[in-house]
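Please consult the sequence and structure shown below while reading.

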Amino acid sequence: MKNLVGYVGRTFILFLRDLSSIYYLFRETLAQSAVILLNRKKRRQARLLEQVDEIGTLSLPLVLTVSALLGIALTVLISFQLKEIGGLNYIPGFVTVAVFREMGPLITALIVAGRVGAAFTARIGTMKVSEEILALETMAINPVRFLVVQRFIGIVLALPALTMLAGFTAVFGSFLFGSTRLGIRPDTYMREMLDVLLFKDLYSGMIKAIVFSVVIVMIGCYRGLVVEGGAEDVGRSTMLSVVSSTLAIIMFDTVMTAAFYG
Amino acid sequence: MIRAHDIKKTYGDRVVLNGIDFIAERKKITYIFGTSGGGKSTLLKILIGAIKPDAGEVLYNDADIVKLSGRELDPFRRKMGMLFQHGALLNSLSIGDNVGLPIKEHTELDDSIVNIMVKMKLELVGLRDFEGLLPGQISGGMQKRVALARALALDPEVVFFDEPTSGLDPIVASVITKLIADLNKLLGITCIVVTHAVDEAMRIADKIVILYRGTVLAQGSPQEIKASSNPLVQQFITGSPDGPISFHASSKDFREDLLTK
């Protein structure tokens, strides 16, 4: 029992330490982002578009595939119930609301956390182990500006765009399945979809995506920067990065959904 | 002048540095020896401001860098270069970009001028043709030479070398040693070298500092070190396996260790 209390206490203290470190990293990232965005030469050196490309374009096939399948799965699931009461025409509205408000931002963020956040940790952690980060510091180059800012700006631009595309792809998947297999008329589908889709659904999804992108990049980079030792710690940190960003994304999602629609 | 004064550092219960005191004179070559795991790398990291000692001062021309942190250290770091033991090149950047990185970061020079400077630095270490390759595409020895070119990119006043010749073939090792001597004699760069290579140190050092069990065992010119009557110093410079310095690092009695559960 004493051990359990000790373990919980230690874990809580470590959690608070991580939280405060992530806060300082976030503050420094914002300050250094301003330096980069305001300086033309440094902006060019940071190769921001390459980051958007690496995070966004390379995640696109996976995000689109999962979104299309998600749209179809949602349609299949609810069609069983709605068919019984003759309410198949409610499917477009249901899928659109579910996807744009909740599933699209959440699923996209979880995919990107697994694909990109883990890569941030592994890459930065490996650099820490091979003393590349120490080398940057001895050259008086701010590691946050050099390593975190470009990833921060890249993901904050890429994730909302991916989320938007994921939303439309999921609805399109549902539209194809609904019109070909369930007999919902395409024009009815479009009309029902547009009837329920509010501007608020779109911007709440975008706000969620921006918050999730900050969560992914901050946790991913922080976990990389605190790697000590060797390859084993890089692996452990990468695992922790995915686990903690997944948890944080779901927590933030719940809070934001409640705030927007509660 | 760089002065380490009463530097102390512990990791947990292990005392790594216990009152290190020495002066590295300006425009001179200072070599630091010590047994493996004897705190040489820790001392080097303290000297460049990468880690803080538990106590003591590191004075750069009377300014104590131990008291500085973050950006306050930048003006000092711009005047220093560091050659890491394994190069520590940025693996995602080409050789040329690695060498050009500090120049691009700290000057407003045009890219064409930066490119010329990069070529000059790479020529200095004999690797001008390798500019476009990635660090992973060249050997470890070459990486070290590129790292030296990068350390020299901003024409520093002081360059720190962490095991500059370890893992290199004898010819490249000699070239690096000659480069260190030339940097000092021709360009007046202060060099502080951490190494195991006694012969190399005896040949070019102005001063040698020997660390043993976290303290300075001896310091002086190569001649003074050679003439020392201290058996520990003599074992260091002859590299003899027999002598007062034990090969075993364990503190616990071997017999006792085997017999206790």
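In which sense, left-handed or right-handed, does H3(B) pass H5(B)? The crossing of H3(B) with H5(B) is right-handed. The model discussed here is a predicted one.

## Helix pair in chain B

Two packed helices are described by the angle between their axes and the distance between the axes. In chain B, helix H3 (residues 95-106) and helix H5 (residues 140-151) have axes 8 Å apart and pack at an angle of about 25 degrees. Angles under 35 degrees count as roughly parallel, and H3(B) and H5(B) are therefore roughly parallel to each other.

From H3(B), the residues Ile95(B), Asn98(B), Val99(B) and Pro102(B) meet Val146(B), Ala149(B) and Arg150(B) of H5(B). The residues of this contact comprise five nonpolar, one polar and one charged.

## Helix pair in chain A

In chain A, the axes of helix H3 (residues 48-84) and helix H6 (residues 143-181) cross at roughly 25 degrees and come within 7 Å. H3(A) and H6(A) are therefore roughly parallel to each other. The residues of the contact of H3(A) with H6(A) divide into 23 nonpolar, 12 polar and one charged. H3(A) passes H6(A) in a right-handed crossing.

## Enclosed helix in chain B

Helix H1 (residues 40-47) of chain B has seven of its eight residues buried, so it is largely enclosed by the rest of the structure. The buried residues of H1(B) are Lys40(B), Thr42(B), Leu43(B), Leu44(B), Lys45(B), Ile46(B) and Leu47(B).

Just after H1(B), a positive phi of about 80 degrees is found at Gly49(B).

Terms used. Residues are numbered from 1 along each chain as its sequence is written. Chains are lettered from A and ligands numbered from 1 in the order in which they are written. This is a predicted model: local features need pLDDT of at least 70, side-chain atom pairs count only at pLDDT 80 or more; totals for chains, interfaces and linings use all residues. Axes are lines fitted to C-alpha atoms, for helices over the stretch in contact, and angles run from 0 to 180 degrees between N-to-C directions. Helices (H or I, at least four residues) and strands (E, at least two) are DSSP runs, numbered from the N terminus. Angles under 35 degrees count as roughly parallel, over 145 as roughly antiparallel, 65 to 115 as roughly perpendicular and the rest as oblique. A crossing is left-handed if the near helix is turned anticlockwise from the far one by less than a right angle, and right-handed if clockwise. Ala, Val, Leu, Ile, Met, Phe, Trp, Tyr, Cys and Pro count as nonpolar, Asp, Glu, Lys and Arg as charged, and the others, Gly among them, as polar. Two residues are in contact if their C-beta atoms, placed from the backbone, lie within 7 Å. A residue is buried if 20 or more other C-beta atoms lie within 10 Å of its own, exposed if 12 or fewer, and partly exposed in between; C-beta atoms are placed from the backbone.
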